[in-house]
Amino acid sequence: MHPQQDPDRWARLHAVAGEALAATKVGEDAVAVDLVTGYLSGSPEGDEEIRELVLLLFSECSGMVAALGSGGATPVKMQVFDEDGQEVPIDDADPPVRTAIRTLLAEVHGDQEAAAEQIEIALANGAPQELATVVLQALRWTVKLALECQARALPVTPWIAVALDE
């Protein structure tokens, strides 16, 4: 069953994502990742809910990229940086970061199936730390894109705007 067909589950995913986004915004990355991976993995549909939540975030990112890119003063550019703040070619990024980039690019190009496949691979093959990195990228990008949309007076999905205003 798709989460939108179950209003309680959909509300729960939005609540968890909102709490995680609020934690990410204030730099509490470990708390944010634990909210997603720890809380949801304890439920009977843990991996499925983690997948749905991460895909929800990437879908929202895709929408914000589209809003920022259409007629915006500054185009949206994908960049990856190392610990020292130096830009790293995407192909040289760590595997979970490449997974996050591929997922976002698939969403931006309207290929939800390819995006879901990337997250499935991360869930099935990745170590917990790799999954945490993908989750954290989704959260960070959602926060950064939402804040940029707000700064440019572009629409932000209400549940994300509320989470970032807390």
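1. Before we look at how helices pack, one definition: a helix axis here is a line fitted to C-alpha atoms over the stretch in contact, and the angle between two helices is taken between their N-to-C directions. Keep in mind that this is a predicted model.

2. Start with helix H1 (residues 7-25) and helix H7 (residues 158-165). Their axes lie 8 Å apart, and the angle between them is about 40 degrees. H1 and H7 are therefore oblique to each other. As for handedness, the crossing of H1 past H7 is right-handed.

3. Who touches whom in this pair? From H1 you'll find His14, Ala17, Gly18, Leu21, Ala22 and Lys25, and they meet Trp159, Ile160, Ala163 and Leu164 of H7. Sorted by class, the H1 and H7 contact holds seven nonpolar residues, two polar ones and one charged one.

4. Now compare how H1 sits against helix H6. Here the axes are 9 Å apart and the angle is about 75 degrees. Angles of 65 to 115 degrees count as roughly perpendicular, and so H1 is roughly perpendicular to H6.

5. On the H1 side of that packing, look for Ala20, Leu21, Thr24 and Lys25; on the H6 side, Leu139, Arg140, Thr142, Val143 and Leu147. The classes here come to five nonpolar, two polar and two charged residues. Notice that Leu21 takes part here and also in the contact with H7.

6. Leu21 turns up again in the largest nonpolar core, which has 51 residues. Leu21, Val54, Leu57, Phe58, Leu139 and Ile160 are the ones with the most contacts inside this core. Several helices supply two or more residues each: H1, H2 (29-41), H3 (46-69), H4 (95-108), H5 (112-125), H6 (128-151) and H7. Which of them gives the most? That's H6, with twelve residues.

7. If you skip its neighbours within four places in sequence, Ile160 is in contact with Leu21, Glu60, Met64, Thr142 and Ala146. Leu21 belongs to the H1 side of the packing with H7, and Ile160 to the H7 side.

8. Last stop: Thr103, which you'll find in helix H4. Is Thr103 buried or exposed? Buried means under 20% relative accessible area, and Thr103 has 0%, so Thr103 is buried. Apart from neighbours within four places in sequence, the residues in contact with Thr103 are Leu55, Phe58, Ala115, Gln118 and Ile119. One of these, Phe58, is also among the residues with the most contacts inside the largest nonpolar core.

Terms used:
Residues numbered from 1 in each chain as written. Predicted model: local features only at pLDDT ≥ 70, side-chain atom pairs only at ≥ 80, totals over all residues. Heavy atoms only, no water. Axes fitted to C-alpha atoms, helices over the stretch in contact; angles between N-to-C directions. Helix = DSSP H or I, 4+ residues; strand = E, 2+ residues; numbered from the N terminus. Parallel < 35°, antiparallel > 145°, perpendicular 65-115°, else oblique. Left-handed = near helix turned anticlockwise from the far one by under 90°. Contact = heavy atoms within 4.5 Å. Nonpolar A, V, L, I, M, F, W, Y, C, P; charged D, E, K, R; others polar. Core = buried A, V, L, I, M, F, W, Y, C linked by side-chain atoms within 4.5 Å. Buried < 20%, exposed > 50% of the residue type's maximum accessible area, 1.4 Å probe, protein only.
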